[in-house]
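These are my notebook entries on one protein model.

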Amino acid sequence: MNKLLELLSRNADFTTAQLAAMLGQTEEEVISRIKEYKEKGIIKGTTTLINWDKVPDAGVMALIELKVTPKPETGFDDIAKVVMSYDIVMSYDNVESVYLAASSRYDLIAMVKGSTIQEIAEFVSKRLSTLDNVIGTATSFVLTHYKSGGVSFCDSEEDDEQRSLIL
């Protein structure tokens with residue numbers, strides 16, 4: 001695996017000087033490689049991981065599985081683009097991620113954020129399920145985030161103790 005990409009995926013806050021020191025390279029080499037990765041579309045952006053469980057009124061997340069009929073020329077790509085909001089006519093700006101799945105029951109998985117469970121339910125029933133080529137959906141709501149993007153959200157022993165009481 002590419003060590004520079006691995007380091008950046010763990011912590012986008014590393015400075016180029018820090019990365020150069022960790023990799024045994026010059027800062028100019030690191031800057032050049034990062035620029036090249038951006039130009040090639042390997043690095044698509046940077047983000048901050050938020051523990052939404054600690055943010056009051058942060059809303060809800062749902063994992064929505066979609067069973068779709070692929071199109072002859074483009075397979076699943078066209079429907080995935082519509083779901084992830086490339087379609088200018090329909091804006092699905094609450095869709096966080098879309099994945100093609102290797103599953104016997106569902107083809108696409110979408111992570112969706114909404115203000116309420118009802119908002120997500122309406123989104124699924126009035127928008128996603130009515131799309132051409134969508135023949136079924138299944139929705140699971142996220143109750144707790146334990147780990148995301150390789151980062152544990154279990155901050156302290158107190159968090160772990162509270163979770164063990166539930167179990």
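Predicted model: local features only at pLDDT ≥ 70, side-chain atom pairs only at ≥ 80, totals over all residues.

**Entry 1: the second largest pocket**

I began with the second largest pocket, whose lining residues divide into seven nonpolar, six polar and three charged. For these classes I counted Ala, Val, Leu, Ile, Met, Phe, Trp, Tyr, Cys and Pro as nonpolar, Asp, Glu, Lys and Arg as charged, and the others, Gly among them, as polar. The volume of this second largest pocket is about 420 Å³. It is lined by 16 residues, and those closest to its centre are L49, M61, E96, S97 and S148. I noted that strand 2 (95-100), strand 3 (108-114) and strand 5 (147-148) each supply at least two lining residues. Strand 2 has the largest share, with three residues.

For the terms, I took a pocket on a 1 Å grid over the protein atoms alone, as an open set of points where a 1.4 Å probe fits, with protein on both sides within 12 Å along at least five of seven lines; lining residues have an atom within 4 Å of a point. Grid points are joined across faces, edges and corners, and the volume is the space filled by probe spheres set on the points. Helices (H or I, at least four residues) and strands (E, at least two) are DSSP runs, numbered from the N terminus.

**Entry 2: conventions**

Residues are numbered from 1 along each chain as its sequence is written, and side-chain values use heavy atoms, with hydrogens and water left out.

**Entry 3: the largest pocket**

I then turned to the largest pocket, with a volume of about 630 Å³. Of its 26 lining residues, L8, S9, A12, G45 and T46 are the closest to the centre. Helix 1 (3-10), helix 2 (16-23) and helix 3 (27-39) each give at least two residues to the lining, and helix 1 gives the most, with five. By class, this lining holds eleven nonpolar, ten polar and five charged residues.

**Entry 4: overall make-up**

I recorded six helices and six strands, in the order α-α-α-β-α-β-β-α-β-β-β-α along the sequence. Of the 167 residues, 26% count as buried (under 20% relative accessible area; exposed is over 50%, partly exposed in between; 1.4 Å probe, protein chains only). Of the contacts (heavy atoms within 4.5 Å) with a separation of 6 or more, 60% join residues 24 or more positions apart.

**Entry 5: nonpolar cores**

I looked for nonpolar cores, each a set of buried Ala, Val, Leu, Ile, Met, Phe, Trp, Tyr and Cys residues joined through side-chain atoms within 4.5 Å. The largest has 18 residues, of which I64, L66, I79, V83, V112, L128 and L131 touch the most other members. Strand 1 (60-68), helix 4 (77-83), strand 3 and helix 5 (117-128) each supply at least two residues of this core. Leaving out residues up to four places away in sequence, I79 touches V68, L108, L131, D132 and V134. A second, separate core has ten residues, including L7, V30, I34 and Y37.

**Entry 6: single residues**

I43 lies in the loop between helix 3 and strand 1 and is buried, with a relative accessible area of 15%. Beyond residues up to four places away in sequence, I43 touches L5, L8, I34, Y37 and K38.

G136 belongs to strand 4 (residues 134-141). Its contacts beyond four places in sequence are E65, L66, K67 and Y106; the C-alpha atoms of G136 and E65 are separated by 8.2 Å.

**Entry 7: backbone angles**

Most residues other than glycine have a negative phi. D57, in the loop between helix 3 and strand 1, has a positive phi near 55 degrees and is exposed, with a relative accessible area of 80%. N133, in the loop between helix 5 and strand 4, has a positive phi of about 80 degrees and is partly exposed, at 23%.
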